[in-house]
Amino acid sequence: MSKLRLIVNPVSGTCDKQRIVDKARKRIAAAGFAVEVTPTTCRGDATHLAQEGIAEGCDTIIAIGGDGTVN
């Protein structure tokens with residue numbers, strides 16, 4: 001089974017991220033991926049979490065947040 005990491009910035013934007021995460025997790029799991037959700041807690045976390053995910057064998061990294069999360 002392929003492993004996928006969702007990196008989530010829970011405080012970006014104005015909408016509730018949990019609803020988005022729940023929908024994404026459900027659809028990604030249905031596609032046959034093992035899903036791991038990791039929230040950011042400070043500036044630079046997304047980069048570190050992506051690198052960590054790759055080192056741990058994640059096949060795919062997805063960022064859920066704003067421009068800062070993607071950058």
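**Entry 1: ground rules.** I am working with a predicted model, in which local features need pLDDT of at least 70, side-chain atom pairs count only at pLDDT 80 or more, and totals for chains, interfaces and linings use all residues. Residues are numbered from 1 along each chain as its sequence is written, and side-chain values use heavy atoms, with hydrogens and water left out.

**Entry 2: the largest pocket.** I looked up the largest pocket and noted about 330 Å³ of space in it. Its lining has 20 residues, and Thr40, Gly44, Ala46, Gly68 and Thr69 are the closest to its centre. Helix H2 (45–55), strand E3 (60–64) and helix H3 (67–70) each give two or more residues to this lining. H2 gives the most, with 4 residues. I sorted the lining into 10 nonpolar, 8 polar and 2 charged residues.

I wrote down the terms here. On a 1 Å grid over the protein atoms alone, a pocket is an open set of points where a 1.4 Å probe fits, with protein on both sides within 12 Å along at least five of seven lines; lining residues have an atom within 4 Å of a point. Grid points are joined across faces, edges and corners, and the volume is the space filled by probe spheres set on the points. Helices (H or I, at least four residues) and strands (E, at least two) are DSSP runs, numbered from the N terminus. Ala, Val, Leu, Ile, Met, Phe, Trp, Tyr, Cys and Pro count as nonpolar, Asp, Glu, Lys and Arg as charged, and the others, Gly among them, as polar.

**Entry 3: Arg5 and Glu56.** I found Arg5 in strand E1 and Glu56 in the loop between H2 and E3. They are 51 residues apart along the chain, and their C-alpha atoms are separated by 10 Å. Their side chains are joined by a polar contact (N or O atoms within 3.5 Å, one able to donate a hydrogen and the other to accept it; residues adjacent in sequence count only if both atoms are side-chain atoms) of 3.1 Å. The Arg5 side chain also reaches the backbone oxygen of Leu49, at 2.6 Å.

Which of the two is buried and which partly exposed? Arg5 counts as buried because its relative accessibility is 2%, while Glu56 is partly exposed at 42%. The cut-offs are under 20% relative accessible area for buried, over 50% for exposed and in between for partly exposed (1.4 Å probe, protein chains only).

Beyond four places in sequence, Glu56 is in contact (heavy atoms within 4.5 Å) with Lys3, Arg5 and Glu36.

Entry 4: Val8 is in strand E1 (residues 2–8) and is buried at 5%. Among the residues Val8 touches are Lys17, Thr40 and Ile64. Asn9 lies in the loop between E1 and helix H1 (17–30) and counts as buried at 17%. Lys17, Thr40 and Ile64 are also among the residues that Asn9 touches. The Asn9 side chain reaches the backbone nitrogen of Val11 at 3.1 Å.

**Entry 5: the cysteines.** How many disulfides does the structure hold? I counted 0 disulfides, a disulfide being a pair of cysteine sulfur atoms within 2.5 Å. The sulfur of Cys58 is 19 Å from the closest cysteine sulfur, in Cys42, so it is too far for a bond. Cys42 is partly exposed at 48%, whereas Cys58 is buried at 9%.
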